[in-house]
Amino acid sequence: MTKFGYIFKSFCYFLKANLLVAFGVAISAMVLTGSLIIGDSVRYSLEQSAFYRLGETTHLVAVTERYFRQEMASEIEADNPDIEAAPVLLLEGVAVAGGGQQRANRVQVVGVDESFEKIARSEVFSTLQDNEIIISKNLAERLDVVAGDNILVRIKKASLIPLNAPFVSGDEISVSLRAVIKKVVEREEMGRFSLRNSQTAPYNIFLSIERLNRLMEFEGKANHLLVATHLGTNAVLKSVKNCLTPADAGLKIRTIEATGELEISTERVFMEPKVAETLGKLPAAKPLITYFVNGIVRADSVAGTPQIPYSFVSSLGDKQLADNEIILTKWAADDLGVSPGDSIKLKYFEIGPLRKLINCEAGFILKEIVPMNEIWADSTRMPWLPGLSDAGHCREWDAGVPIDLDAIRDKDEKYWNEWRGAPKAYVSLNRALEIWKNRFGSYTAVRYPAATFDMENFRQVFSENVLPSDLGMTVEPIREQGVSAARNGTDFSGLFLGLSFFILVSAIILTVLLFRLNLETRSAEVGVLAALGFKERQVRSIFLLEGLVVALAGGLLGLVFSVLYTSAVFRILNTLWFDIVRTDVLLIKIFPTTLVAGLIISLVVSLGAIYVSIVRYQRRKTAELQKRTESGLKKGWSRALDVAMWISLVVPLVLVLLQLLHPGALDAMLFFLSGGLLLLGFLLGFRKILLKLDRRKTDEIRLSTLSVLNLARNKGRSLTVVILFALGTFLVISTGSNKLDLFANAQDKSSGTGGFLYFAETTMPVLYNLNDREKRAEEGIYEDFTAVQFRKVQGDDASCLNLNRIAQPAILGVDPQKLEGRFSFAALMDGFNSADPWLDLNAPLDDGAIPAIADQTVIQWGLGKKVGDELLYQNEQGDTLRLKLIAGTTPSVFQGYVIISNKHFLENYPTNSGSYIFLIDGSQEKESQIGEELQSVFRDYGWQMEPTAKRLVEFFSVTNTYLSIFLALGALGMILGTIGLAIILARTILERRREIALMQAVGFNTGQLFRLLATEYLMLLVAGVLSGFVTAVVATLPSFVSSNTDASLGTVAIIVALILANGVAWIAGLSWLSLRKKKLALGVREE
Amino acid sequence: MLLQLQNITKGYGEPGSHSYRAVLNKLDLQVASGEKIAIVGPSGSGKTTLLNLVGALDQPEQGDILFEGKDITGYSTAELATFRNKHLGFVFQLHHLMPQLSLMENVLLPLLPQGKGISKEQKEWAEYLIRKVGIWEQRDQKPSQLSGGECQRTAVVRALMNKPKLLLADEPTGALDEENAKELTELLVKLSNEEGVTLVAVTHAAALADRMDKKYLLKNGKLV
């Protein structure tokens, strides 16, 4: 006979009772471990998702809105044999099938060559013919096509020149391709290829990079390098730097025979500052700017005076001209009839944001007239401007600015035929820079004496001075980032622990309840052990060790349950609850360490509950235990609980009354607190009633009051049942009532829609101002609306639809005035008390950071930050861009983005062209007409538009789904609670079988006894459910009176009815079973 | 003197409140070593309360309890547990045997708090007592398989297992029929005499009380 022998024998002897406790522990273990497994599995799935989308890619070399040579990939491999690289030309497009019936916007069009094999682990991409494409499975499903079908792909027209740069035609926004689907690829063959940290798979179309280059009128260009290596980022960066050539900066070299010079110009028309500065460092550099002006006129010209329309004007360096002097060619001087000393005026456009044209003029004094020879009438000074440089006639010009064809004279046509774009005038370089330098750059070319130009020195100077980052080139450890984003993403473990809170509470209460019932049965044993000289801790350790055996058995059973629970949750996550995961890559991953952790936590929680039960039990005096009696609380405690009860009842009533009488909006948090407090008050009130019943003195007894009196027999048990049902009902109803319906106040400017009608997004950029009346007429837009346009720098989706932890969400640039008075703010940076934070977006901050605004939920959950924190980016010039979050909006249509002002946006991303995101405002009556017109006009832009309220609802669908899960798991908790009630009921009836038998012996009939028992427990059920119901309605009163939610008394009534019906069924069934004659006879005999 | 109770007061309810009911009122008792005393009295007179105090299962509101001259009222709960295990044996009205244990295991149960394992001598002592009370054949049976008398005899053996100086019996024959009650009375007296154990029995049974050396009546909270 040993202590452990005693424990083992006790465990076996009380096996049935212990198994019930183990069941409670198993449920806790199931929920706890299940939540941990769900968390692990989601993390694992996100990681797998990252591997599926990246293939073998470890690093990404990327540029935005510019291109480099494809050969850089093979050069990098040659530079470092430990690096494998594949060039990719990645563009966006729209896919159309079924004669326009099926359409997919925002499709990734991926140009690949055979080196993509190294990344994709598949040879299928190497054999792509010109007219063949490979598409992802999700796109095939979306378009309802299979291999062998034809589809039309409209691809965003890529341009070597920034799209909104001066004199670049914006008419050709897309290029069409009709191709045959060679294969539909699944995730194992890069079907989910994506460079963004998101579990949502993009639509993908793969085609030959050569074909895509030809479609874009490029030659051998790429904008991404997918790198596979075991080396670190610095090694990759070093190789990229080693292989960076002037061609990657878009620089072209040619010899100008006439002047004996060598010219370096840029494919981008205007050279970015760093490149210009570097070229200026070469010996005998002669930078120049050649600009397209609208007119050259005499300064004293009046109407009717001749003017030269649409000409190129170039610059001269070496201080050949003062800043106010101009040189005209003989042709121009003759045309204007001017001579040296006359005043000349140049008329030109300054190109503002969104192609806004600003008419400008500059005045000069004519210094000299030069002959029309190859030196001065030098057509090579004209930069290469597609649509202009290649035009056969002036009337064919497509210069990206309005051309008044009537102003073009025959002599101008003749000039074009003979001299093409040869400058008709020259100004000083200083003056040219002053008036024509723009956000896209400065010089159009730099010339050097051909005889002394040293090509090797040029390459060396370029290599020493121009870093990849100066060209906006980034090198990122994309695999590491993807894994980190997955690992630090939404914590589903914590989430499901929270969502399963009530099941967990129910299971723990059930465990405690069952264990206490066991202890009560064995209270004499506790007393005898004490009498035999067992110390308190010895008795405690005996029961704890027995509890450990029970908990271990329950815990192990719970582990099995947890796997089933996870499978069930994942099944539902893939269907009903898809909104919160948005991926089909959900894989269950069970780590042994998680099982052990789950088991240990479950054991600790269960043993904690068991320990508390034992300690509380031992507080009762040994003698009482031996005699199975119970004493009440000490007076002080009892009084404190009474005071707490009155406070909990009165304070919420006062608060609610004050709120209802107050004319303003109802404070939801205050109501919730009031409801919670009232629930506490009700429960304490119920305790008080039980105590009063216990002390009741009466001279008479009636059958009807017998049930009520019985409630006080075991106050602890009665109170536990009421608490369980009250808490469950409260949680289920209050959660269900908070589901949001966001269509109701969608027109409110302070709401999450900003009062806008539509949110639209395009695949191709819209290069002009949608509010421009003339442009509208040109495009055929006649409906009355206003648009707020947003520039965009690509980034990860930081909305709640993305489960990954995001570091760099997409940046939107906007004119802050356009958002004045729109949306609401949930958080402001400390010391920032602006009435409208939008208007502060333009202001610079003291520390040099740029003010930014994002959705508060994005800041908190998507980015894991708070207002006042900074986000770091690399801007186009390769500098670090610090965005400081000055404010967080309440949930809005901006989820997923961070917003800065256009001013700051263009300073950091000067070559970013056009708008991709639009908020449309207009009359609600015309909503559908406006929508239809915009859809029709911008169809080819991949215009994707939805009502703002609908977009908001989509974001809130995540919140609502979480609430649904909480509701479903809460209901499961209620069922568990009911099982607890049933067990208590069964146990109590068993304990009372002698009493029941005795009552029957003295003449009570079965019907009377049934009523007696059923009424007693129904009272507990109703007391619990009613307490929970009333207080939950108080807690969520704002939701009931608000039209913003779909909370309805009808739904709540159904939930309450179901809870009650379930409870009644158990009570009635068990009561009836307990009154069977056989059992009663046994009871009497034992008595 | 083995046991001395001096000026003991004990009641139920909050002292000073209207619901307070005094049970023992400045009670004195002296028990010499080897003595056998019976405490009788009507139901509710406080007999069990007194026995719980003597058995260190409860604490008096006033007064001292001296065991072998040492006041045990100041002992900690752990010290009291050790005291009970070493010096006291209990026999209750209901046998309170552990249903999960066999007769032998129930008898050996008081050795467990000492945490030393069971020695050969202790085992032999248990066997000796079991044989002595005539339940050797049933030693491996569970309480549910024993008769009421056998259970109560087992409880007596369990109480003597640690060779206590004082055996406390609370209505030991109360749940037994006349014949079994008579047998148990004889057993208690015999064991007390043979083992030199002091016996304090609370009882209604005249047969048991009459076999004791002294008989006290508990009335109005005092022993007379």
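How many residues of domain 4 of chain A are in contact with domain 5 of chain A? Here, 6 residues of domain 4 touch 9 residues of domain 5, where contact means that the C-beta atoms of two residues, placed from the backbone, lie within 7 Å.

## Before we start

This is a predicted model, where local features need pLDDT of at least 70, side-chain atom pairs count only at pLDDT 80 or more, and totals for chains, interfaces and linings use all residues. Residues are numbered from 1 along each chain as its sequence is written, while chains are lettered from A and ligands numbered from 1 in the order in which they are written.

## The domains of chain A

Chain A splits into domain 1 (1-52 + 491-631), domain 2 (59-244), domain 3 (248-471), domain 4 (634-743 + 955-1087) and domain 5 (758-954). These bounds come from an automatic or database domain assignment.

Back to our opening pair: on the domain 4 side that touches domain 5, there are 5 nonpolar residues, 1 polar and no charged. For these classes, Ala, Val, Leu, Ile, Met, Phe, Trp, Tyr, Cys and Pro count as nonpolar, Asp, Glu, Lys and Arg as charged, and the others, Gly among them, as polar.

## Two helices in chain A

Helices are DSSP runs (H or I, at least four residues), numbered from the N terminus. In chain A, α2 (residues 15-54) packs against α13 (residues 478-487) at about 155°, with the axes 8 Å apart. The axes are lines fitted to C-alpha atoms over the stretch in contact, and angles run from 0 to 180 degrees between N-to-C directions. α2(A) and α13(A) are therefore roughly antiparallel, a label for angles over 145 degrees.

Who does the touching? From α2(A) come A:Arg43, A:Leu46, A:Glu47, A:Ala50 and A:Leu54, and they meet A:Ile478, A:Arg479, A:Gly482, A:Val483, A:Ala486 and A:Arg487 of α13(A). By class, that contact has 6 nonpolar, 1 polar and 4 charged residues.

## Two helices in chain B

Chain B has a helix pair to look at too: α4 (residues 120-133) and α5 (residues 148-160) pack at about 150°, with axes 10 Å apart. B:Leu129, B:Ile130 and B:Val133 of α4(B) meet B:Arg153, B:Val156, B:Val157 and B:Leu160 of α5(B). This contact has 6 nonpolar residues, no polar and 1 charged.

## Where the chains meet

The contact takes 21 residues from chain A and 25 from chain B. On the chain A side, the elements giving two or more residues are α1 (3-13), α16 (523-531), α17 (536-573) and α19 (622-627). That side has 10 nonpolar, 4 polar and 7 charged residues.

How values were computed
Angles under 35 degrees count as roughly parallel, over 145 as roughly antiparallel, 65 to 115 as roughly perpendicular and the rest as oblique.
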